[in-house]
Amino acid sequence: MKKYLVFFLFLTGVAQAQQLAPLTVQKIMRDPKWMGVSPTNYRWSEDSKTVFFTWNPENKEKDQAYKVSVLSNKPEIAADNEATKAAGNNYMYNKDKSLALYEKGGDLYFYNFKSKKESRLTNTVDRENGAYFLYNNDVVFQRGDNLFQLNLKTNELKQLTNFVKGKRPAIPERATSSLQDAWLKTEQTELFDIIKKRNKTGGRAQGFAGRGRFGAADPNQKTIKPIYLEDKFLSGLVVSPDGNFVSYRLTTPVTTNHNTIVPNYVTSSGYTEDIAGRTKVGENLTVSENFLYDGEKDSVYTVKTAQITGIKDLPDYVKDYPKQLEERTQKNEDRKVNLGSPEWNENGTTAIITADSQDNKDLWILKLDAATGNVTVLDRQRDEAWIGGPGVGRGIEWIDNNRFYFQSEATGYSHLYVFNVATNEKKQITSGKWEVQRVQLSKDKTTFYITANKEHPGITHFYKVSVNGGELVQITSMKGGNEITLSPDEKWLAINYSYMDKPWELYIQANKPGAKAVQITKSTSTEFDSYKWRQPDLVSFKNRYGDDVYARVYPTANPHPNKPAVVFVHGAGYLQNVHYWWSQYFREFMFNNLLADNGYTVIDIDYTASSGYGRNHRTGIYRDMGGKDLTDQVDGVKMLVEKYGVNPKHVGLYGGSYGGFITLMGMFKEPDVFAAGGALRSVTDWAHYNHGYTANILNEPFNDPIAYKRSSPIYYADKLKGNLLMLHGMVDENVHFQDIVRLTQRFIELGKDNWELAVYPVEDHGFVEPSSWTDEYKRIFKLFETTLKK
């Protein structure tokens, strides 16, 4: 017995040793499959009885299709095409849902739910797409560049538009009529009765050319005025529910911009190959015009953006540039706007359209008069920084013929509003210091289903509220991240759920408050489960401006004698990483655990400009990137010193992309706070980044150079004191390798010698190869070990 007991204790010791085996960079930076593969791609069957998803619980080479019944809650492998069949066709319904349309193989099909009969509407080489029902149950669809209307009762097919590629044919110049020509014309009329007769009918003979298909004259024959596209792109074709109006957009391509090139050095050919890249911020933007075609009058109108209230308003930042302010004030030009496509109410009496200014300062919701192109402002959101926030400018939908809903940051947080076009009343449906992140209107259009962070900035739940307003009812109850896929009958929730130390899993719950969520999948591997991953302390602190800033702290149980600390800086700028669900930065989550195991206290901060905290937090870096977003890191370090006992002389930081940018700014602008930094794929000069992201925050380099010089690390390179490690992929198509090369040249010219650059020849912005991940984090770990522990 004693022998068996000794053997048992030996096995127990082996198991404990395996569980307590230290983390290494090589272990955590392997192919993520070692952790287990979470389920994804949730789809409900048409009958709402089965959830289909993609999963790989056995860690095979490829993920597989799985399904689970709401009756059994037991996942099983599904046939490859089973999900597609069970999901049914992607129907477009008529107003009472008695009829439906769907597209298959580029042709259109029709289904009658009363007779349960399916009919094929088209069988052509051309693709028919975008089909939907008009108010009278006629079908509208697009073929090529044109729209057609099909009467299901008579099978009459009517062409609604006549868009023609290319330029309008030149009209040949007519020779000037002479006295001789006039005399001959008069003589012909006097001599011949047939000339007199044809002059009365406009010169047309009532013969074959004016007859119908079988020779009889066709009094209903109609021609459609051709609309020549010239060199413009056609998009946004929408027909009004009564079929009378067609809205469309013509965009003039930009041919003068200078596109960038990313050289690729490691190629199969053995030659350096160029990858065509994006333009840089401040390049010319495409210009679009929106038009309305009146089919009854065969006439075209322009949507009159000049009527928009505030169309000439200048942004406040131009006050910093007196000459620019004077010039722009004198020009008094309308600002350029981008218009959406009209959203019509069901019976076609009213259309609304959104307009956003290209300088990112305004978003308008407009009422459109399709008969004239006139517009009336229903709602205006103005932001001297930039318009944004979850749901803002997107998801505008009609509830009934008088009311539509939208989201606005008018209160400082993105909330839900309903506008009544009959009364011009705007009603706020949700309120508070939290954000509505997603909205779904119920099928009967009586209820909003919303995802929001009402309980805590780092917790999401699923709620419902009446479209008329009232109590917000919470449906989910699990603390963490809840991502909902609602069943077609709206009776069930497929919940993608995770917690801080637990990756995403599938749960199913009845769509009722307080109902139990049943776990369906268990995906993590035995090896992953063998380590006790930390649940970081979720804390908040006041920054120097009095704002609440949230952070994750990974305390160390055995601090090194130097009591070092490391700050991890998340990327993307407008992103949230301080929350109760599994981080998208899972590699960094594991690396932070490794650091804590090795005596470091680690902090991860949702610095100013992170998402989830409202308008002021979102725009707090306007014209000053590397301002409040950087001082939040410094204030976080101060909190660590005061509450976690770290040594302020032994603090490092690291991060990628925007996190790499902040790392550079920390090393340059706060050299006495940060002794070492690892900057991955970092922006070094914002004038070289893209337009869509950068122009929101810093305007344009030629209009606002102060903002760019204030915000770009390359202008502060001379302030470097600590030890800097830079790491960058050479085929990065997002933050180009040129960025880090230019900064490297600055260091050389400045005579700096406390920096290093590691390059990754085959990596884009998001690294793919485990060997690259391993190499860069081995270098970062070595940097901290050799600088913060000395």
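Helix H8 (residues 586–597) lies across strands E39 (548–554), E40 (565–569), E41 (601–605) and E42 (651–656), running at about 65° to E39. Contact here means heavy atoms within 4.5 Å. Angles run from 0 to 180 degrees between N-to-C directions, with axes fitted to C-alpha atoms, for helices over the stretch in contact. Helices (H or I, at least four residues) and strands (E, at least two) are DSSP runs, numbered from the N terminus.

This is a predicted model, in which local features need pLDDT of at least 70 and side-chain atom pairs count only at pLDDT 80 or more, while totals for chains, interfaces and linings use all residues. Residues are numbered from 1 along each chain as its sequence is written, and side-chain values use heavy atoms, leaving out hydrogens and water.

The eight strands form an open sheet with mixed pairing, in the order E38-E39-E41-E40-E42-E43-E44-E45; two strands pair if DSSP finds at least two bridges between them. E38 (537–542) and E45 (755–760) stand at the edges with a single partner strand each, so one side of each has no neighbour in the sheet. From one strand to the next, the twist averages 20°.

| Helix | Angle |
|---|---|
| H8 (586–597) | about 65° to E39 |
| H14 (737–750) | about 150° to E44 |

Now to His-688, in the loop between E43 and helix H12 (691–698). His-688 counts as buried because its relative accessibility is 15%, the cut-off being under 20% relative accessible area (1.4 Å probe, protein chains only). Not counting residues up to four places away in sequence, His-688 touches Arg-278, Lys-280, Gln-738, Asp-739 and Arg-742.

Note on methods. Buried means under 20% relative accessible area, exposed over 50%, partly exposed in between (1.4 Å probe, protein chains only).
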